[in-house]
Amino acid sequence: NFQHPPNVDAAYYLLNEIFPKIQDRLPNVQLYVIGPNTPDSIKKFQSNSVHILGYVKNIDEYFCKCRVILSPLRFGAGIKGKITQSITRGLPTVTTSIGAEGIGLIDNENCMIADDLNSFTEKSIMLYENSLLWKKISENGLKIAQFYSAENMQNTIESLFSKLTK
């Protein structure tokens, strides 16, 4: 959601600095930017290879269509829903230390973590091109994702409420 300043900053950083470097090496790659309340500062990046979609009712199509999620968050707090959504679908993520916080993610194990422009770009390209690495990150991400599944969350909430009513 672009009403959240960390998301606007991350998208602008991705579009203005990271993606051009990725495109230099992967000229045919496509980028999809999804989220409601898209500001004009982000919409202006729309092109043949950058698709600014705004709100998408059913995001599952994009989780199936895309190869990697890029989430270069430079500030913010808490568990990031965009990250947990992607790993629960087996879609590997490249994020920052801030994006990975609170989820138990480990660089080069169940996601790729990079905090500077060059590392973020290199890890994004590496994950996109290396099918063995992609498979490893996807499978290990799914192991972490079991904790964040809707079923597990429902069981946890039910367990907490049952303890409160006793």
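This is a predicted model: local features need pLDDT of at least 70, side-chain atom pairs count only at pLDDT 80 or more; totals for chains, interfaces and linings use all residues.
The largest pocket has a volume of about 950 Å³. Its lining comprises 39 residues. Tyr32, Val33, Ile34, Ile69 and Leu70 lie nearest the centre of this pocket.

Several helices and strands contribute to the lining. Helices H1 (5-25), H3 (60-65), H4 (81-88) and H6 (117-129) each supply at least two residues. The largest share comes from H1, with 6 residues.

Of the lining residues of the largest pocket, 27 are nonpolar. A further 8 are polar, and 4 are charged.

The cysteines were examined for bonding. The structure holds 0 disulfides. For Cys64, the closest cysteine sulfur is that of Cys66, at 9.5 Å. A disulfide requires two cysteine sulfur atoms within 2.5 Å. The sulfurs of Cys64 and Cys66 are therefore too far apart for a bond. Cys66 is likewise in no disulfide, its nearest cysteine sulfur being that of Cys64.

Cys64 is exposed, with a relative accessible area of 70%. Cys66 is buried, with a relative accessible area of 19%. The value for Cys66 falls under the 20% cut-off, so the residue counts as buried. The value for Cys64 is over 50%, so that residue counts as exposed.

Methods
Residues are numbered from 1 along each chain as its sequence is written. Side-chain values use heavy atoms; hydrogens and water are left out. On a 1 Å grid over the protein atoms alone, a cavity is a set of points where a 1.4 Å probe fits but cannot get out, and a pocket is an open set with protein on both sides within 12 Å along at least five of seven lines; lining residues have an atom within 4 Å of a point. Grid points are joined across faces, edges and corners, and a volume is the space filled by probe spheres set on the points. Helices (H or I, at least four residues) and strands (E, at least two) are DSSP runs, numbered from the N terminus. Ala, Val, Leu, Ile, Met, Phe, Trp, Tyr, Cys and Pro count as nonpolar, Asp, Glu, Lys and Arg as charged, and the others, Gly among them, as polar. Buried means under 20% relative accessible area, exposed over 50%, partly exposed in between (1.4 Å probe, protein chains only).
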